Amino acid sequence: MLEIVIHIALLILFPPLLLGLINKTKSWFAGRTGPPLLQAYFDIAKLLRKGAVYSRTTTWVFRAGPIVSLGSVLSAGLILPLASNVAPLGFTGDVILFAYLLGLSRFFTMAAALDTGSAFEGMGASREAAFAVPAEPALFLSLAIVCIPAKAASFQAAWDALPWALWGGAHPAYLAAAIALFAVMLAENSRIPVDDPNTHLELTMIHEVMVLDHSGPDFAFILYGSAMKLFIIAALLVHVLLPIPEHLSWTGVILLCLGEAALAVLIGVVESVVARLRLTRVPQFLIGASVLAGIGLAIALYRGAA
Amino acid sequence: MLGWIGLSIGLLIGSALGAAVAFRADRSSLAIGTAGSILACVTGAAASIAALVSSLEESFLADWPLPIGEIHVGLDSLSAFFLACIFVISGLVTVYGAGYLRPYIGKRRLAPALTFFNLLVAAMVALVIARDGIFFLVAWEVMSFASFFLVTFENDREDVRRAGMTYLIASQLGVAFLFAMFALLGHSAGSFNFDSFAGNVPAGGSLAGICFLLAVVGFGTKAGFVPLHIWLPDAHPAAPSHVSALMSGVMIKMGIYGLLRTLLFLGSPPAWWGALLVGIGIVTGISGVLHALTQRDIKRLLAYSSVENIGIIALGLGVGIIGQSHGNGAVAFLGYAGALLHVFNHGLFKSLLFEGAGSVLHATGTRNIESLGGLYRHMPVTGLTFLAGSLAICGLPLFNGFASEWLVYLGAFQAGSGLPAAWGVTAIAAIPALALIGALAVACFVRAFGVVFLGESRTEAVTGAHEAGIAMRLPMIVTAVLCAVVGIWPAGALRLIAPAVQMFTHAAATTETLESLTAITRIASVLAGLVIVLVLARKVLLRGREVSQAPTWGCGYALPTPRMQYSAASFVEPLLRPFMALIPIRVRRDGPNGFFPVKATYEERLGDAAGERVLAPASRAFIQALSRVRIIQQGRIQLYLVYIAATLVILLVWQLAGVTGR
């Protein structure tokens, strides 16, 4: 019971902090003070207190977008182990449902964008679709790398079987999975080099331009949902990289929080030192991640057979 | 139960004849045909589901007054499963068809549409219970011809006649391979009875291999394996929408049934059969959905998406066969179960989507999605059910497509850890392929749903649009509900189809699989609960605050018009760019010329890769090779008389030689 409470508490409370950490890191690089660490919490609280404006063009699909999106990301967070190797709703085959819940969230975000009839939002949806296509095989190949040696397609089995000594080239397959997952995390969460969350021109946006017309609580849900999506994909990566204990313990909670924070700082560093890719180069970046994960899978299979 | 199935065949054929006899009165033939089909489908669905639940096996032998032997029909779990698919979906489509054909009364003779529709259903039922090669092929041909006449319902249109001809040629080419296969099997068994086939073909031998390849080509033509799918995208837009729904939802699955039935004859399959099917599945799935993304005709788009789903079914079968060949019951069960469940699921959501497309066509008179938009406000029921179908076909959770794709995925994951590396890799290839197909399908159906139903209407066509009549709405609602029920409660669906799966592998559904499916139900209810909670939360938050309506934010631009919306073509352009090497493109541009250009045009056509790069060159080469034979055809009657005389002389000499020789 306590395990579930801690899982849900982490899932609900932690995500917006990641945005603060990323922004602080970027500010540090730029020599600015930057917004407070808890700015994302303030933003969400402020948006929740506001009214809403809806476009006359839209139907209920537009209003369903933020809600279904947040709901499916939350459900995905409930089947993914966080501070231990057990998730409240985990089962055999949950890795597939995890990826498809993220797909459901994407479907409704894009449909809501098309519902406004705006050329800008259509453009955002189009780019979102274009980059999700090369990212999806990378995600699944990485999941296959961690699941196949564990002989079960579930997170719990995969993390139980994961060898702790990843470093020193002993398990290049997991390293490939980690790199590919990092690329997927950048793409799925609209970070540089795929998308720039701070860009100022609608024409260059991807995720931000899809949600232009949302306001008030709806926009709070979107902001919160995207923070949570970043949190859960980062949690996946933390489990590949760090030896989180099998059962609930303070070590696990601390390791997860430290790992999440470190990844947020890493994203901040990447955003500060790397330029955004030209839109036509993004698929190549993600196809590269897929190829890397494919090579990793081949290594994992070869080692399993040997 | 065979008696009840026989009764429904009788009802179907009787009402088909009745509708034909009443051909002068459109209303009566519509009533007779519809009533007969509904009665038959209700009877048949009840009987076949009862047979499936009780794993009934029945067989019936009757003398056929023809020299080729007796008529042999039977019922087992595989047949019962396919019968259930046929009857459930055909019944729903019949009701829709009655509404769809109504506006044609007085404008076009309806009797052929009804007669051939009922004949088509009857032929599919007969095909599935046939236990004799000859009877099977007769039913197969009746099915092909009945559907040909349905496709060419509007035969005053040039494109319809062309599509019908393509379909006829493809299906006759395909059936030639089936004739060859049954001839080989019949020769080695000494009879065309299915019971005698099984056990008479050495498992894993070259005869079995040849028969398998013939079956893949012959049945694959009907099912739509790439590059044999070429008739599908032409035939579906040409056919009336309820016929497209029946053909895409049920008839192409007869190809899958044929392949499965053949697998039962051929004994334990070697692993390379599975690898071949995985390969076919990857090519078919990816190229199907890629071409679906390029279409602007909504029914053509759906036809290509059927090709994609046949690819997913082939992936499932391939994984199942690979597991079966290594005696890994769990992998075999998951693969076959995923394929069979996807047969049923695709039947549901594809018939639903074709019905939605038909309603849109009815309301606006166009199939071109680029001239639609904003239809949701005019047609809420069609829009909502089309959305349900779109979510289901993308394999997204809460709907049935997810359950079957999940089974195939899980089979591939388990194959990776439970099989020798070489074949394991083949099965694992299904994982990234399914992931890519899934992501492309999401893009494809967000585009289809978004461009047709959301945003602002792009042309006048939408202005007068109205919701479809009750006869058309009701089946769409029922089908959408069925999609959700199977999606939320997949464990029940798996238990129902398990007897059919166990004809291929003796493994039962592991308790782990059933528990996982129950877990999916749990998560689906959690998700539904979360959505409800969030909706209520927003309602509470917005209470007493200002909620206003405004135009869409145009980023400062004050005068947006509907024509400025993203079009379907622009939506997919960035997505397709990395894949353009796979899609043939023809560009025609004119101008702008000179310093003061007057006008300029730009036209881009995306073709079918398999058709233009494989089939067209192959058929040109074939015709070229055959042109040598053309020398004997000079068109002069004297020459033909010489041929006849020469033939007679040769025959005479041969006969005389035979007599004297004896």
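This note comments on a predicted model, point by point.

1. Domain layout of chain B. The assignment divides chain B into two domains. Taken over C-alpha atoms, the centres of domain 1 of chain B and domain 2 of chain B are separated by 39 Å.

2. Burial of helix H10 of chain B. This helix spans residues 241-251 and is mostly covered, with 11 of its 11 residues buried. Among the buried positions of H10(B) are B:His242, B:Met247 and B:Met251, and B:Ser244 and B:Ser248 are buried too.

3. Packing of H10(B) against H3(B). Helix H3 of chain B (residues 77-101) packs on H10(B) at an angle of about 170 degrees, and their axes lie 9 Å apart. The two helices are therefore roughly antiparallel. From H3(B), the contact draws on B:Cys85, B:Ile86, B:Ile89, B:Ser90, B:Val93, B:Tyr96, B:Gly97 and B:Tyr100; H10(B) contributes B:Ser241, B:His242, B:Ala245, B:Leu246, B:Gly249 and B:Val250. By class, the contact of H3(B) with H10(B) has 9 nonpolar and 5 polar residues, and no charged ones.

4. The setting of B:Ala203. This residue sits in the loop between helix H7 (194-197) and helix H8 (206-223) of chain B. B:Ala203 counts as exposed because 11 other C-beta atoms lie within 10 Å, and the cut-off for exposed is 12 or fewer. Leaving aside neighbours within four places in sequence, B:Ala203 is in contact with B:Ala208, B:Leu266, B:Gly267 and B:Ser268. The C-alpha atoms of B:Ala203 and B:Ala245 are 38 Å apart, the two residues being 42 residues apart along the chain. B:Ala245, in H10(B), is by contrast buried.

5. The interface of chains A and B. Each side supplies residues to the contact: 70 from chain A and 70 from chain B. On the side of chain A that touches chain B, the elements giving two or more residues are strand E1 (52-55) and helices H4 (60-79), H5 (94-115), H6 (119-147), H10 (216-241) and H12 (282-305) of chain A. The largest share of that side, 18 residues, comes from H6(A). By class, the residues of the side of chain A that touches chain B divide into 46 nonpolar, 16 polar and 8 charged.

6. E1(A) is joined by 4 bridges to strand E3 of chain B (residues 547-550), and the two run parallel. Within this pairing, A:Ser55 has B:Ala550 of E3(B) as its bridge partner.

Conventions: Residues are numbered from 1 along each chain as its sequence is written. Chains are lettered from A and ligands numbered from 1 in the order in which they are written. This is a predicted model: local features need pLDDT of at least 70, side-chain atom pairs count only at pLDDT 80 or more; totals for chains, interfaces and linings use all residues. Domain bounds come from an automatic or database domain assignment. A residue is buried if 20 or more other C-beta atoms lie within 10 Å of its own, exposed if 12 or fewer, and partly exposed in between; C-beta atoms are placed from the backbone. Two residues are in contact if their C-beta atoms, placed from the backbone, lie within 7 Å. Ala, Val, Leu, Ile, Met, Phe, Trp, Tyr, Cys and Pro count as nonpolar, Asp, Glu, Lys and Arg as charged, and the others, Gly among them, as polar. Two strands pair if DSSP finds at least two bridges between them. Axes are lines fitted to C-alpha atoms, for helices over the stretch in contact, and angles run from 0 to 180 degrees between N-to-C directions. Angles under 35 degrees count as roughly parallel, over 145 as roughly antiparallel, 65 to 115 as roughly perpendicular and the rest as oblique.
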